[in-house]
Amino acid sequence: MQIAYTVKEVREQVKAWRKEGLSVGLVPTMGYLHEGHASLIKKAVEDNDRVVTSIFVNPTQFAPTEDLEAYPRDMEKDSKLCETLGVDLIFHPEPEEMYAPDFCTWVDMDVLSKTLCGKSRPIHFRGVCTVVSKLFHIVTPDRAYFGQKDAQQLAIIRRMVRDLNMDIEIVGCPIVREEDGLAKSSRNTYLNEEERKAALILSQSIFLGQKMVQEGETDAAKIKAAMVEKIQSEPLARIDYVEIVDGLSMQPVDTVQSPTLAAIAVYIGKTRLIDNFIV
Ligand code: AMP
């Protein structure tokens, strides 16, 4: 397995693979890898001749008040896991490699990026769309892999690829959870023991909403109210949002019908966690 720090190195390697007629899959990540990331990498290894994983904590998707500096990093552990999983190349650039000092070109999106996480984090998806576009141009993958855990991000990337005619297949992968239900996340490491227990309220509220839908409830307001009430029963939890939206446009709906996304963001102490289910 190769670790590349520059765009040039990645381009040279991908060019060599292309000459051999090999297909390439890309798994973009911010590192501190867990089984959620591993599930994307495994799928990419299954589907493609060669797999590139990017490990880059992208500064442009963090607001100045957010956790860019504190975001957990462990390149040694990540490299070992990638090697075990069969990754061929890790792209691990420094921010300076990705952003020139006078960088000023952005990929941004209307509508889909204005609700849910986009409402609480106004510059987030501009940073995500920009860095993912850059990675797509650098790696030129046949396929790229994203988790349903970040459902709005997945919908936005799909839309970006369609709107900008990028010739890349976007593969969505299901949410990987801890045994007790908590969705795996690099940010779970911020939680102390008490908060870790309290964080279960997210998946419990998701499972409650899911059950109501399975039992035939279609009134979005009723489902939302039950999920809010559940989360509010946990004293350490503070709701950022609980929303039921159309799965493509990310706009609120009154009635649940396929594809509908129920998404939540909840602070447990200072840690903001997200979870969702899709109908
Ligand atoms: P991140 O490193 O948090 O930017 O995540 C990189 C990719 O892994 C994104 O496409 C995420 O949606 C995906 N991912 C993160 N956590 C999970 C999880 N628990 N299950 C499935 N995919 C995940």
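These legends walk through a few close-up views of a predicted model.

Local features rest on pLDDT of at least 70 and side-chain atom pairs on pLDDT 80 or more, while totals for chains, interfaces and linings use all residues. Residues are numbered from 1 along each chain as its sequence is written, and side-chain values use heavy atoms, with hydrogens and water left out.

**View 1. Q61 in its loop.** Q61 sits between strand 3 (50-55) and helix 3 (75-85), both being DSSP runs (H or I of at least four residues for helices, E of at least two for strands) numbered from the N terminus. An unreviewed UniProt entry gives Q61 the feature "binding site"; such annotations may be inferred rather than shown by experiment. Q61 counts as buried because its relative accessibility is 8%, where buried means under 20% (1.4 Å probe, protein chains only).

**View 2. The side chain of Q61.** Here the Q61 side chain meets that of N58 in a polar contact of 2.9 Å; the term means N or O atoms within 3.5 Å, one able to donate a hydrogen and the other to accept it.

**View 3. Polar atoms around the ligand.** On the nitrogen side, a ligand atom is 2.8 Å from a polar backbone atom of V176.

**View 4. The shell around the ligand.** The ligand is surrounded by 17 residues, each with a heavy atom within 4 Å. Helix 2 gives the largest share, three residues.

Note on methods. Buried means under 20% relative accessible area, exposed over 50%, partly exposed in between (1.4 Å probe, protein chains only).
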